[in-house]
There are 2 protein chains.
Amino acid sequence: MDGTILFHVDCPSRLLFEQIADKWSMMILTVLDENPTRFNELKRRCEGVSQKSLSQTLRRLERNGMVDRHVRSTSPVAVEYSLSPLGVTLLVPFRALYRWTCDNMEAVETARREFDVRE
Amino acid sequence: MDGTILFHVDCPSRLLFEQIADKWSMMILTVLDENPTRFNELKRRCEGVSQKSLSQTLRRLERNGMVDRHVRSTSPVAVEYSLSPLGVTLLVPFRALYRWTCDNMEAVETARREFDVRE
DNA sequence: CGGCATCCTTTTGGATACTG
DNA sequence: CAGTATCCAAAAGGATGCCG
């Protein structure tokens, strides 16, 4: 009678989703999709991100194989981040989600107003 | 020379993305896609969610127009949640993301192992 | 059954200072 | 420039008790 879906705590898709569905990952990957970008430039483009959050998120993205980190041994050092091949594939569903938010922004705002009136 | 993308703090897609990219929304919507589901049944299917987090997330999903809440005045009360038409459209990009996590789980785990060895 | 209110712990994140 | 380390404030989240 009822459905059968159960999201177990060890469900692999859950573990992975929790790695990518954060506030900054999609933004960072989208910026990197345009150009390989250096740390501080990335920080400027993702307005509001702190240095700490940015470096943490970049580290996680790198660890998960979505971003490549390239160090140029100039002086001072230049560190360039770029999309890995895996990161490129992730951008496909991300873009679909991004487009959904753009397409449905108004519908959501209308729903919010109606909800707030009901309360 | 550089790219031109800038994610402003007021960027509407950011504001909306932060509403849907949380730990539970995708799971809840996926369960509801199978059947309209009652609160405690939903809680059982999304293993690990607390009552507090579930009710908060459901409230937000309802406010954003993605979920409908229907109260049956039996005794005790039965509250049934279901996907709204808007929620149905959101599931499309969500499913693409879900599929990506399933398809690329192993690639990510390999990348992690390699990263951890490098450190 | 489906919550809300409260308390309390844990996590997150910002600010600052420091380093190669 | 590109971080790391530390400290502290803010927010999220679990546990519990209560209610219609």
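**View 1. Polar contacts and salt bridges between chain B and chain A.** In this predicted model, 24 residue pairs, both partners at pLDDT 80 or more, are in polar contact between chain B and chain A. The two chains also share 4 salt bridges. One to look for joins A:Asp116 to B:Arg63, where the closest N and O atoms lie 2.9 Å apart.

**View 2. The helices of chain B that touch chain A.** Five elements of chain B each give two or more residues to this side: helix 1 (12-20), helix 2 (25-34), helix 3 (39-45), helix 4 (51-63) and helix 5 (85-118). Helix 5 of chain B gives the most, with 20 residues. By residue type, the side of chain B that touches chain A is made up of 29 nonpolar, 13 polar and 17 charged residues.

**View 3. The extent of the interface.** Here you can follow 59 residues of chain B in contact with 60 residues of chain A. Together the chains bury about 5,500 Å² between them, and carbon and sulfur atoms give 65% of that area.

View 4. A search of the whole structure turns up 0 disulfides over all chains. For A:Cys46, the nearest cysteine sulfur belongs to B:Cys11 and is 11 Å away. A:Cys46 is buried, its relative accessible area being 0%.

Terms used:
Residues numbered from 1 in each chain as written. Chains lettered and ligands numbered in written order. Predicted model: local features only at pLDDT ≥ 70, side-chain atom pairs only at ≥ 80, totals over all residues. Heavy atoms only, no water. Contact = heavy atoms within 4.5 Å. Buried area = accessible area lost by both parts, 1.4 Å probe. Salt bridge = Lys/Arg side-chain N within 4 Å of Asp/Glu carboxyl O. Polar contact = N/O pair within 3.5 Å; in protein donor to acceptor, adjacent residues only side chain to side chain. Helix = DSSP H or I, 4+ residues; strand = E, 2+ residues; numbered from the N terminus. Nonpolar A, V, L, I, M, F, W, Y, C, P; charged D, E, K, R; others polar. Disulfide = S-S within 2.5 Å. Buried < 20%, exposed > 50% of the residue type's maximum accessible area, 1.4 Å probe, protein only.
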